[in-house]
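Biologist: Could we go through this model together? I would like to start with individual residues and then turn to rings and helices.

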Amino acid sequence: MELFKAYQLNIMLVLSGVCGVLAILVLLTKSLGRRRKCELFFIEVSAMLLLAFDRYAYIFRGNVSELGWWMVRISNFAVFFLELSLIFGLNLYLIDLYSKEGNLPKVPVRLRITNVLYLCGVILLIVSQFTGLYYTFDQTNHYQRADFFMICYLFPLFMLLIQTTVIIQYFKNLRPRLKFPLIFFTLVPIAATAVQAFHYGVSLTNIAIVGLAALLYVFALTDLNESVTNADQLEIKLLKEEQKNEHQLFEQTAQALAGAIDAKDEYTHGHSTRVAAYSAEIARQAGKSDEECEDIYFAALLHDVGKIGIPDKIINKQGKLTPEEYAQMQKHPVIGKQILSRISQSPSLSIGANFHHERFDGKGYPMGLKGEDIPEIARIIAVADAYDAMTSKRSYREPYPQQEVREELVKGMETQFDPTFAKIMLHLIDLDTEYEMQEREEIAALGGDNSMHFDEYRSSASEGIVIADQEMTIRLNSKKDADFPYSDCIPTMILFDALDGRMHEDDKAGAEMKYFEYGVLRFNGEAICEGARKMETEITVKETADFDFWSEEKHGTEYTVQAVKVKDHMRFKIDSPDQTVEVIVALPDSARFTYIALTGEHCTISNVKITKAEEKTGPDVIRRIAEEISYINVPAGDIPNVQVDGWRAASSKGIPVKDNMKITFHSMSLPTARLVWHCPYISLYYSDNGEMDGPHFREYVLVRLDGENWDSDELTQNKIVVNRNDDFDGWETWKEQNKQGMDCTILIRKKGNVVIVTTENGGINIKSTSTIREEAPVVYAALTGDQCAITNIRVQ
């Protein structure tokens with residue numbers, strides 16, 4: 001008995017957890033009737049809470065703090081109440097069982113009497129809380145049995161005895177699977193109660209009842225499964241749905257474990273879930289089956305489980321890890337393998353955990369595997385893990401802009417990452433327009449806050465709102481602070497460009513994010529031109545305006561701002577009750593992004609609503625106040641020069657493809673170019689008029705001169721080989737060569753429906769072979785790109 005006392009708290013914890021899981025399974029079991037499900041759920045929940053409170057009663061016994069005082073009293077009351085409730089739940093189960101499956105014309109009266117005994121037991125229990133009938137507490141907050149404590153055992157004892165007589169009398173009316181479990185459920189607690197009455201400090205009765213409650217569900221489920229074997233197709237379908245729910249339960253359990261892992265580091269919230277989603281999508285794009293994608297998903301979900309064994313002080317350290325700390329951190333893949341290797345039915349879990357920090361060039365850990373020696377599942381997770389790490393916030397930095405993340409993936413191909421899966425991740429980034437829209441939705445909501453107060457000028461600002469060729473309308477209310485004149489309480493817009501779309505006052509952060517400020521525009525029409533080439537303002541006073549200063553003082557001023565950008569010009573219209581302001585801004589070039597951040601001085605901006613037009617604005621909507629910036633004002637070749645200010649924003653004239661055709665041109669990255677893919681591309685396509693995006697446009701392949709590519713259409717089978725020769729001196733050198741300008745040559749051969757494109761530039765050799773699976777009347781080639789000027793185009 002002493003041994004039992006020593007371990008009874010742990011036994012309570014385990015059994016309580018088991019009953020909690022069984023309660024969830026009861027809810028997920030579709031084949032149970034609604035009433036039967038409620039009864040079993042009531043039993044399992046009562047059992048779970050009974051041991052939980054019994055455990056707390058022991059834990060807080062003798063604790064004289066205020067919390068201990070309350071917990072001891074609440075827990076002891078709950079124990080006696082839930083003990084009665086658990087037996088009452090069994091009684092409800094017996095009533096339902098005999099009325100539906102026992103073939104009895106009416107429910108035995110003794111079971112009804114048991115319900116009355118339950119009610120009486122609860123009433124006496126409540127009375128005892130005020131009279132000390134059952135128990136009291138001494139000055140050290142210890143439970144003490146009272147003179148009539150035996151009464152509290154009589155009610156559950158009599159209830160169990162009555163239930164036993166009913167079960168024995170109608171023993172033959174029950175199916176074999178349920179006969180003996182029900183007998184044990186009543187007799188074993190009776191025996192345990194008899195023992196506990198003479199042994200203070202143990203909870204034999206409660207543990208026995210709870211253990212049997214858990215077994216009751218198991219035997220009830222076993223009985224149900226025996227019935228299902230003779231069921232029709234509908235019941236089989238319900239069983240499959242139950243299995244699906246169990247799978248969902250496993251998934252939820254895995255997600256809960258992943259969440260617990262991420263919770264060790266405040267900056268990795270949701271990391272495992274995102275990595276799992278990215279990994280599954282990479283696998284899907286790679287042609288994996290649904291089953292393989294699911295395996296990869298769960299392996300990625302638990303890839304960091306080994307961090308459980310790493311001290312929190314290392315995981316949450318703000319600065320750089322010491323060599324000793326880094327060595328300890330490198331142990332988490334091995335720890336993860338040890339944990340997950342016990343799940344023998346899913347070996348992919350331990351594989352993903354153990355190898356996700358290996359590098360394609362063999363410089364990773366823990367084993368230093370190289371290339372395809374690294375398990376494929378780990379190579380996929382490595383790409384997804386790195387992507388999420390770069391796009392997530394850390395204690396020492398903000399998330400990297402997605403275009404910089406993309407460039408890091410390009411640079412890491414064949415060194416850190418498997419190029420096949422890195423290439424797929426790049427493709428997902430390019431297609432991830434929905435992500436961009438979500439980012440802009442957050443910006444529209446002022447970073448999650450639809451109201452901002454400003455004290456000093458530029459003391460804070462909203463997230464950047466991107467302005468493009470679809471007109472943006474911003475409506476807001478601005479209310480001045482008391483005791484300040486109107487002239488000092490005007491909302492303001494900061495016009496800028498930055499990689500992260502945020503205004504930066506700190507010079508270091510601004511330099512890292514390539515922050516460039518065009519100017520400042522106050523809502524009263526005052527404008528300050530900084531990085532922009534020119535700003536012109538026109539103010540129209542509303543002569544018939546009924547301007548109510550008292551109303552403005554109380555409710556604030558309503559403003560409507562319309563903003564649009566076309567190439568290197570922007571136009572703003574700011575409408576208020578008393579005037580309309582129109583501002584035209586000539587930007588330094590057409591390639592940069594343009595954001596506005598809302599700020600102000602001694603005012604509160606609220607009720608911000610942002611809408612965007614669906615149609616693009618025409619090229620002549622904004623009056624030009626400065627000459628267009630052009631980098632192609634040089635003599636043209638056989639076809640006109642083309643300046644590409646953004647991702648495929650322009651393209652050359654379509655060239656009909658012929659065998660043994662050579663295209664030469666001069667390429668130069670624009671001054672704003674800073675990324676690897678800011679270079680020329682060549683597209684093979686078909687359209688009715690031969691122009692890019694013309695009627696019935698179908699692109700067969702897009703080849704970038706940096707070596708990136710992607711199948712453009714299911715109508716084409718593309719095979720592209722990229723090699724780097726001795727002339728390739730790294731990506732920074734390659735980008736600098738593009739900045740300085742270089743002559744490019746593209747050779748095209750065409751045999752039937754097979755088109756071969758070859759080119760070499762800056763040490764990158766590219767050979768693209770496209771087999772077109774449709775009968776195209778003609779295949780066209782056009783030059784395009786991102787932030788580059790293409791001149792002197794010659795076709796031979």
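**Serines, rings and helices**

Modeller: Leaving aside neighbours within four places in sequence, Ser-576 is in contact with Lys-542, Glu-558 and Tyr-559. Please keep in mind that this is a predicted model.

Biologist: Where does Ser-576 lie?

Modeller: Ser-576 lies in the loop between β11 (569-575) and β12 (579-586).

Biologist: Is Ser-576 buried or exposed?

Modeller: Ser-576 has a relative accessible area of 5%, so it counts as buried; the cut-off for buried is under 20%.

Biologist: Let us move to Ser-350. Which helix is Ser-350 in, and what does Ser-350 contact?

Modeller: Ser-350 lies in helix α14, residues 347-355. Apart from neighbours within four places in sequence, Ser-350 is in contact with Lys-337, Leu-340 and Ser-341. Its relative accessibility is 12%, and therefore Ser-350 counts as buried.

Biologist: And Ser-683, which strand holds that one?

Modeller: Ser-683 is in strand β18, which covers residues 680-686. With a relative accessible area of 0%, Ser-683 is buried.

Biologist: What does Ser-683 touch?

Modeller: Not counting residues up to four places away in sequence, Ser-683 touches Arg-648, Met-692, Glu-699, Val-701, Leu-702, Tyr-780, Ala-781 and Ala-782. For Ala-781, the C-alpha to C-alpha separation from Ser-683 is 5.5 Å in space, while the two residues are 98 residues apart in sequence.

Biologist: Now the aromatics. How many aromatic pairs does the structure hold?

Modeller: The structure holds 23 aromatic pairs. One of them joins Phe-80 and Tyr-135, whose ring centres are 5.3 Å apart and whose planes meet at 15°, so the pair is stacked.

Biologist: Why does an angle of 15° make the pair stacked?

Modeller: Planes under 30 degrees apart count as stacked, and the planes of Phe-80 and Tyr-135 are at 15°, so the pair falls in that class.

Biologist: Which parts of the chain does that pair link?

Modeller: The pair links distant parts of the chain, 55 residues apart: Phe-80 is in helix α3 (residues 66-100) and Tyr-135 is in strand β1 (residues 135-137). Phe-80 counts as buried at 11% relative accessibility, and Tyr-135 is buried with a relative accessible area of 5%.

Biologist: Which residues are in the cluster with Phe-80 and Tyr-135?

Modeller: Ring pairs connect Phe-80 and Tyr-135 with Tyr-134, Phe-137 and Tyr-143 in a cluster.

Biologist: What about Phe-593 and Tyr-595?

Modeller: Phe-593 and Tyr-595 also form a stacked aromatic pair, at 6.4 Å centre to centre with 20° between the planes. Phe-593 counts as partly exposed at 41% relative accessibility, whereas Tyr-595 counts as buried at 11%.

Biologist: Another topic: which ring does the charged end of Arg-406 sit over?

Modeller: The charged end of Arg-406 sits over the ring of Trp-677, at 4.3 Å from the ring centre.

Biologist: Lastly, at what angle do α15 and α17 pack?

Modeller: Helix α15 (residues 376-390) and helix α17 (residues 419-431) pack at an angle of about 40°, with axes 9 Å apart. That angle makes α15 oblique to α17. The crossing of α15 past α17 is right-handed.

Biologist: Which residues meet there?

Modeller: From α15, Glu-376, Arg-379, Ile-380, Val-383 and Tyr-387 meet Phe-421, Ala-422, Met-425 and Ile-429 in α17.

Definitions and conventions:
Residues are numbered from 1 along each chain as its sequence is written. This is a predicted model: local features need pLDDT of at least 70, side-chain atom pairs count only at pLDDT 80 or more; totals for chains, interfaces and linings use all residues. Side-chain values use heavy atoms; hydrogens and water are left out. Rings of Phe, Tyr and Trp (its six-membered ring) pair if their centres lie within 6.5 Å; planes under 30 degrees apart count as stacked, over 60 as edge-to-face and the rest as tilted. Helices (H or I, at least four residues) and strands (E, at least two) are DSSP runs, numbered from the N terminus. Buried means under 20% relative accessible area, exposed over 50%, partly exposed in between (1.4 Å probe, protein chains only). A charge sits over a ring if NZ of Lys or CZ of Arg is within 6 Å of the ring centre and within 35 degrees of the ring normal. Axes are lines fitted to C-alpha atoms, for helices over the stretch in contact, and angles run from 0 to 180 degrees between N-to-C directions. Angles under 35 degrees count as roughly parallel, over 145 as roughly antiparallel, 65 to 115 as roughly perpendicular and the rest as oblique. A crossing is left-handed if the near helix is turned anticlockwise from the far one by less than a right angle, and right-handed if clockwise. Contact means heavy atoms within 4.5 Å.
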